[in-house]
Structures are given as structure tokens and as C-alpha cells.
Amino acid sequence: MNKKGVLLLNMGGPDSIDAVKPFLFNLFKDSNMANFGVLQKPLAWLIANLRSKKLRKAYELIGGKSPLKEITIKQAYELKKALGDGYSVKVGMNYWHPFIEEALEEFEKEKINHIIAIPLYPHYCQATSGSVIKRFKRLAERRFSFKIISSWYENPFYIKAWIENIKNSIEKYGEGLVLFSAHGIPLSLYKKGDPYLKETEQTVRIIVKEMNLAEWQLSFQSKVGPVKWVKPSTEEKIKELAEKGIKRIYIVPISFVSDHIETLYEIDIVYKQMANSLGVQLIRVSSLNTSFNFIEALRFLVLS
């Protein structure tokens, strides 16, 4: 029996301090991420040069690299174990190694001709899911048959995984307000009809209903550049809640399935320091990473 291929797609991250600048260049030369027209590559180099110094310092504080590569490879390993011998599971990144083309070459060596591609973005967004799907299609067409699962924000095991992690935190530290923090998007993208915001809100609604949460909020983080982004920002929301007398906040990185700079630096260092200065205990709910229910979520996607 011919094996089926499963390809976990993600953005990737710098695997060393020296990789920060070229990673940023790859990120910003993608017109799906930021469209600069004929100036795409020159402006990508400029932004990479301007931002790399600050980001190098951030990565130094979390171990000198992004853990995204290692975590995603572990997710692939656990998914392969859960699926069994009929499947080969690979990792393909958009902006840094292992790139999508590297994974496809491995599939060809294994004589696999059908691939199920899963972007590790539960909520579809043109800048993330759309970009990685576009690249995968360009590289895979005429070489493989394939099925792409473009979003899975209502996946029951994905929901279950977050509920379990939230409950574990509350049981450990006590009652508090739950703040769902999603990666933000430019307001212009939302106004063009991008479904990301609606899909994120639906995930939150399902969790809130199933947990019967009385105190919760949704905010957006990781803003880049001068353009307007969807609001409220997570920084604004933490300050607002502190002014209202909230003393404990559980922050749930709802749109992220793995630890990386947005959780380990932005939340664990920047937001926690800010919350502490405001007299608020900020507790980050653990990321999904290789938790049992998250691997079950991926297995469910493949088999269904």
C-alpha cells in the first residue's frame, strides 16, 4: 500500500541569532505579508536591517533562537505515531528551514504522490494561511495530488486542548479573568473581508460557552508597522483591566499552536512586566505544542 503524505505547514523562525536578518527578509519580501509593489525586495531588506537589531535582543532573551522548528518537528513525530504506518509526516516552513520544497523532495524520494497539507494556523488569514497555501500549491502542482485543510477553528480536539490547558491553569492558581490574545491583523485586511477575525471570535465563543466563563475578553497582539490594526490591543486591554481592579489575568494565545517569540518574549516577558507594574498577576496558559489533544486534533483533520 502506498503511503500518504502529511505536510504540516508553518511560517518558520530563525534557528540562530545570525538567521534573524535573513528570516526577516524572507518574511517581508512576501507580498501576502506586506505588499510593497515594485519596491518589495528593497524595502524588505530595509525592514530586515532596521528590525533585526531589536529582534536579535528579543531572541537572545528566549534562548538565542525560535523553538518553532523543534516543536513542529516533534508535532510531526507525534502525529506520525498517532496515524500509524500508512502515513509519512513532514514539516514545511514558509520563511526558514526546513522549507516546503525540502519536504516535497523528501516525499518524492519516498515515492509518495498524495499529500494532505495542514497549515498550522487554525484561523484562515490571507497573510498567513493564504501565503503558505499559495507557496505549497506552486511547488506541489504537477508533482503531487493533494488536499489542503485551509482552516480548522472549530476542530473539537483543538477546542478541547485549549479548555484543558485553561482549566489546568485555573486549578493551579485560582479564579481570574481569561484574556484570549490573538495575533492581530491590519484593519484594511479585515475590511476587505478576510475571515480571520470572525473565525477567531467563533473559536472563543465555543470555548466560553463550553467552559461557562463569566469573565473573559478578546484582544490582539504583535502589531507591526504604522498602519491601523484591529483593536483592542492586548497592551490596552491589560491596562484597562488593571484600572477596573482585576488582579489576575489568564492570557490564552488562542491563535498560536506552538511556543515562539510571541509567547515566550511578547507575553512572558513584555506583557508580564507591564502587568506586574500595574499590580496584576499575568499567567500565560500553556501553549498546545505536543499536548495529547492537539495531536488528536491533527489526526482528526487527516482522517476526516
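Asn-94 touches Asn-10, Met-11, Asp-30, Phe-99, Ser-131, Val-132 and Arg-135, leaving aside residues up to four places away in sequence. The model is predicted. Asn-94 lies in the loop between strand S2 and helix H4 (100-109). Its relative accessibility is 3%, so Asn-94 counts as buried, the cut-off being under 20%.

**Strand S2**

S2 spans residues 87-93. Seven of its seven residues are buried, so the strand is largely enclosed by the rest of the structure. In a regular strand, side chains alternate between the two faces of the sheet. The two sets in S2 are tabulated here.

| Direction from S2 | Residues | Burial |
|---|---|---|
| One way | Tyr-87, Val-89, Val-91, Met-93 | buried |
| The other way | Ser-88, Lys-90, Gly-92 | buried |

S2 pairs with strand S1 (residues 4-10) in the parallel sense. Seven bridges join S1 and S2. Val-89 of S2 is the bridge partner of Val-6.

**Helices H4 and H5**

H4 packs against helix H5 (residues 126-140) at an angle of about 40°, with the axes 10 Å apart. That angle makes H4 oblique to H5. The crossing of the two helices is right-handed. H4 contributes Ile-100, Glu-101 and Leu-104 to the contact. H5 contributes Val-132, Arg-135, Phe-136, Leu-139 and Ala-140. The contact residues divide into six nonpolar, no polar and two charged.

Val-132 and Arg-135 of H5 belong to this helix contact, and both also touch Asn-94.

Technical notes. Residues are numbered from 1 along each chain as its sequence is written. This is a predicted model: local features need pLDDT of at least 70, side-chain atom pairs count only at pLDDT 80 or more; totals for chains, interfaces and linings use all residues. Side-chain values use heavy atoms; hydrogens and water are left out. Buried means under 20% relative accessible area, exposed over 50%, partly exposed in between (1.4 Å probe, protein chains only). Helices (H or I, at least four residues) and strands (E, at least two) are DSSP runs, numbered from the N terminus. Two strands pair if DSSP finds at least two bridges between them. Contact means heavy atoms within 4.5 Å. Axes are lines fitted to C-alpha atoms, for helices over the stretch in contact, and angles run from 0 to 180 degrees between N-to-C directions. Angles under 35 degrees count as roughly parallel, over 145 as roughly antiparallel, 65 to 115 as roughly perpendicular and the rest as oblique. A crossing is left-handed if the near helix is turned anticlockwise from the far one by less than a right angle, and right-handed if clockwise. Ala, Val, Leu, Ile, Met, Phe, Trp, Tyr, Cys and Pro count as nonpolar, Asp, Glu, Lys and Arg as charged, and the others, Gly among them, as polar.
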